[in-house]
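Take a look at the fold below. Then read on for its sheet and its helices.

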Amino acid sequence: LWLVIIVMPRKARQKHELAIYHIMSRSSSEVLLFRKNEDKDYYLALLKRYADKYHSSVYAYCLMDNHVHIHLDPKGFDVSKFMHSLNTAYVRYYNSKYNRHGHLFQERFQSRILDSDRYNLAVSAYVHNNPKDIPDYSGREEDYPYSSYGIYLGKRKDTYNIIDMSFIMELFHADGDSFIKKYYEFVQTQRKADSLKEYDKQISTAAENEYISGRNIVLRDISPDNVISYVSNKLMDSTHNN
């Protein structure tokens, strides 16, 4: 008697060195990802650590009891390596603290490439509207302490200095009180639970659309010869232009 097992390969993750991502990590169904607020504090400290280490930007986050949303710009760093570092460090902390073993996260993290300004804005609002299903925060999502929404509205300090608001502010062409007013009104209009579905249908890779948003990208794994050649060409162009 033979037993034949067919193993289906996992779909390859869509990645591109110029991409911005919407990241979602969820815990296994039988456990909470965060049992206490101090667990969320620890996760945020880790997020700050790896954002700094890998020269990446976090545009938004929301930590719920059993899942996490991150609006992440790796700025040229491999998103899988970023999330592996972050989640592995958190699992090590969590399992040690609660004397457990094994997996904590539900399979691998989910990621969407955000290939337009419109899509980035929709995800920013979606992440910040997540607490609307928490009874104590429905209608006042900006007061939820483990979301970056309150930071955007100037209601709460960015304790861990995680959030880079410059990208979203540039999309609104506003700053100060003008930005806060515009951003709040926009997020309010996006409170419908299915607000991302129409955008999901339009997803394509950043490579296909060549979407780079005018952001600064950190060039990584560049050989010294290529760096010298690049600088030399720039100096020659500058000399010719003068």
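## Sheet and helices

Helix 2 (residues 79–97) lies across strand 1 and strand 3 (67–73), and runs at about 35° to strand 1. Helices (H or I, at least four residues) and strands (E, at least two) are DSSP runs, numbered from the N terminus. Axes are lines fitted to C-alpha atoms, for helices over the stretch in contact; angles run from 0 to 180 degrees between N-to-C directions. Contact means heavy atoms within 4.5 Å.

This is a predicted model: local features need pLDDT of at least 70, side-chain atom pairs count only at pLDDT 80 or more, and totals for chains, interfaces and linings use all residues. Residues are numbered from 1 along each chain as its sequence is written, and side-chain values use heavy atoms, leaving out hydrogens and water.

The open sheet has 4 strands in the order 2-3-1-4, with antiparallel pairing. Two strands pair if DSSP finds at least two bridges between them. Two edge strands pair on one side only:

| Edge strand | Residues |
|---|---|
| strand 2 | 57–63 |
| strand 4 | 110–114 |

From one strand to the next, the twist averages 15°. Strand 1 (residues 20–26) pairs with strand 4 over 5 bridges, in the antiparallel sense. Here I23 stands opposite S111 in strand 4.

Now the other helices. The axes of helix 3 (residues 117–129) and helix 6 (residues 176–189) come within 9 Å and cross at roughly 75°. The two are therefore roughly perpendicular (65 to 115 degrees). Helix 3 brings L121, A122, S124, A125, H128 and N129 to the contact, and helix 6 brings Y183, F186 and V187.

Conventions:
Parallel < 35°, antiparallel > 145°, perpendicular 65-115°, else oblique.
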